[in-house]
Amino acid sequence: MDRVAKLASQKAVVIFSKSSCCMCHAIKRLFYEQGVSPAIYELDEDSRGKEMEWALMRLGCNNPSVPAVFVGGKFVGSANTVMTLHVNGSLKKLLREAGALWL
């Protein structure tokens with residue numbers, strides 16, 4: 001859990017992902033298209049990935065545990081939550097407040 005919290009606070013936007021996950025790919029693409037360069041941690045390529053996945057599940061990321069998106073060091077949610085925030089316009093506000101977007 002400490003590792004996840006530490007990594008999540010190191011950049012304005014952090015995404016915990018799996019390289020084979022199509023929803024993870026879609027969420028990463030969404031952030032890139034917004035002009036955001038998130039830190040991305042591919043759990044299936046990290047030697048401590050399983051440990052981090054368990055920590056994410058304890059935070060409330062489950063079924064599936066990825067993508068898990070943190071903005072400004074705070075857990076925002078997974079794909080459904082991020083897409084809802086994007087559609088209703090509040091994602092950009094969160095990104096600006098976290099310093100991930102300038103405009």
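In which strand does serine 17 lie? Serine 17 belongs to strand β1, which covers residues 13–17. The model is predicted, so local features need pLDDT of at least 70 and side-chain atom pairs count only at pLDDT 80 or more, while totals for chains, interfaces and linings use all residues. Residues are numbered from 1 along each chain as its sequence is written, and side-chain values use heavy atoms, with hydrogens and water left out.

**Fold and dimensions**

- The protein contains five helices and four strands; helices (H or I, at least four residues) and strands (E, at least two) are DSSP runs numbered from the N terminus.
- Along the sequence, these elements follow the pattern α-β-α-β-α-β-β-α-α.
- The radius of gyration is 13 Å, close to the 13 Å that the globule rule gives for 103 residues, so the protein is as compact as a globular protein of that length. The radius is taken over C-alpha atoms, and the rule is 2.2 Å times the number of residues to the power 0.38.
- Taken along the principal axes, the box filled by the C-alpha atoms is roughly 35 × 25 × 20 Å.

- Of the contacts with a separation of 6 or more, 63% are between residues 24 or more positions apart; contact means heavy atoms within 4.5 Å.
- Buried residues account for 42% of the 103 residues. Buried means under 20% relative accessible area, exposed over 50%, and partly exposed in between (1.4 Å probe, protein chains only).

**Serine 17**

- Serine 17 counts as buried because its relative accessibility is 0%.
- Its side chain makes a polar contact of 3.1 Å with that of glutamate 42. Such a contact is a pair of N or O atoms within 3.5 Å; within protein, one must be able to donate a hydrogen and the other to accept it, and residues adjacent in sequence count only if both atoms are side-chain atoms.
- Leaving aside residues up to four places away in sequence, serine 17 touches residues including Cys24, Lys28, Ile40 and Val66.

**Loop residues**

- Valine 66 and proline 67 are joined by a cis peptide bond, with omega about 0 degrees. Proline 67 sits in the loop between α3 (49–59) and β3 (68–71).
- Serine 78 occupies the loop between β4 (74–77) and α4 (79–87) and is partly exposed at 26% relative accessibility.
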